[in-house]
Amino acid sequence: MTPGVRRYDPDRRQRIIDAALRVVGERGIAGLTHRSAAAEADVPLGSTTYHFKTLDDLLVAALRQANEGFAQAVTDSDALTGPDVDLAGALARLLGEFLAADRSRVELEYELYLAALRRPALRPVAAQWCEAVSAALTPRTDPVTARALVAAMDGIGLQVLLTDAAYDEEYAREVLRRILRPS
């Protein structure tokens, strides 16, 4: 390649986001820098700063991509659509499948999600995740109950991750059932 000539690389931005997710997964958010993302993506440092002016911009893109998992699973789940479906049971099962599928991926998602506590730029993306899952549940229940279900699933998921406890689907089902039909 001739010096000074740029090679067309339409996937570079996505490779940088994927690399940032790997860095955060391996080293945590504190380990993510433009330099570490560039090295992981095997791109020049200038590429990361070209596509993501600040580290928060890169974290926003990474969080947005990481957030797609559970909200999409809820939206796509056939188990949540039938008129006679046990919503609490279906959500408990879906949460268990999500936690079991790739624990390191779920830990990464929560790390990025919780980073919004200290990084205000991430807050709108974290809020979008809550809104997306709530919106997916709203056809099955009212908006307030949908938000309560999201909060409970979030809490149960965090407890499992933080305590290394096994996921207890029956417990999750009962908690979600109580939100849906308070005694």
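Predicted model: local features only at pLDDT ≥ 70, side-chain atom pairs only at ≥ 80, totals over all residues.
The secondary structure of the protein consists of 10 helices and zero strands. Along its principal axes, the C-alpha trace spans about 70 × 30 × 30 Å. Of the 183 residues in the protein, 42% are buried. Among contacts with a separation of 6 or more, 65% are made by residues 24 or more positions apart. The accessible surface comes to about 10300 Å², and carbon and sulfur atoms account for 53% of that area. The protein carries 22 positive and 26 negative side chains, with the centres of the two sets 7 Å apart.

Helix α2 covers residues 34-41, and its buried residues are H34, S36, A37, A38 and A41. These buried residues pack against three other helices, namely α1 (12-27), α3 (45-51) and α4 (55-66). After α2 comes D42, which has a positive phi, near 60°. In an unreviewed entry, UniProt lists residues 33-52 as "DNA-binding region". This span is 75% helix and 0% strand, and its end C-alpha atoms lie 11 Å apart.

Side chains of opposite charge can pair when their charged atoms come close. A search of the whole structure finds 10 salt bridges. One of the pairs joins the side chains of R119 and D56, with an N to O distance of 2.4 Å. This pair links distant parts of the chain, since R119 lies in the loop between α7 (103-114) and α8 (123-137), D56 lies in helix α4, and the two are 63 residues apart. R119 has a relative accessibility of 25% and therefore counts as partly exposed. D56, at 22%, also counts as partly exposed.

Helix α10 (residues 169-180) holds both R173 and E169, which are four residues apart, about one turn of the helix. Their side chains meet in a salt bridge of 2.8 Å, N to O. R173 also forms a salt bridge with E170, where the closest N and O atoms are 2.4 Å apart. E170 and R173 are three residues apart in α10, again about one turn of the helix. The cut-off for a buried residue is under 20% relative accessible area, so R173, at 14% relative accessibility, counts as buried. A network of salt bridges links D86, E174, R177 and R178.

Definitions and conventions
Residues numbered from 1 in each chain as written. Heavy atoms only, no water. Buried < 20%, exposed > 50% of the residue type's maximum accessible area, 1.4 Å probe, protein only. Contact = heavy atoms within 4.5 Å. Areas by Shrake-Rupley, 256 points an atom, 1.4 Å probe, with all protein chains shown as cover. Lys, Arg positive; Asp, Glu negative; His and termini not counted. Charge placed at Lys NZ, Arg CZ, Asp CG, Glu CD. UniProt positions renumbered as here; feature names shortened; annotations may be inferred. Salt bridge = Lys/Arg side-chain N within 4 Å of Asp/Glu carboxyl O.
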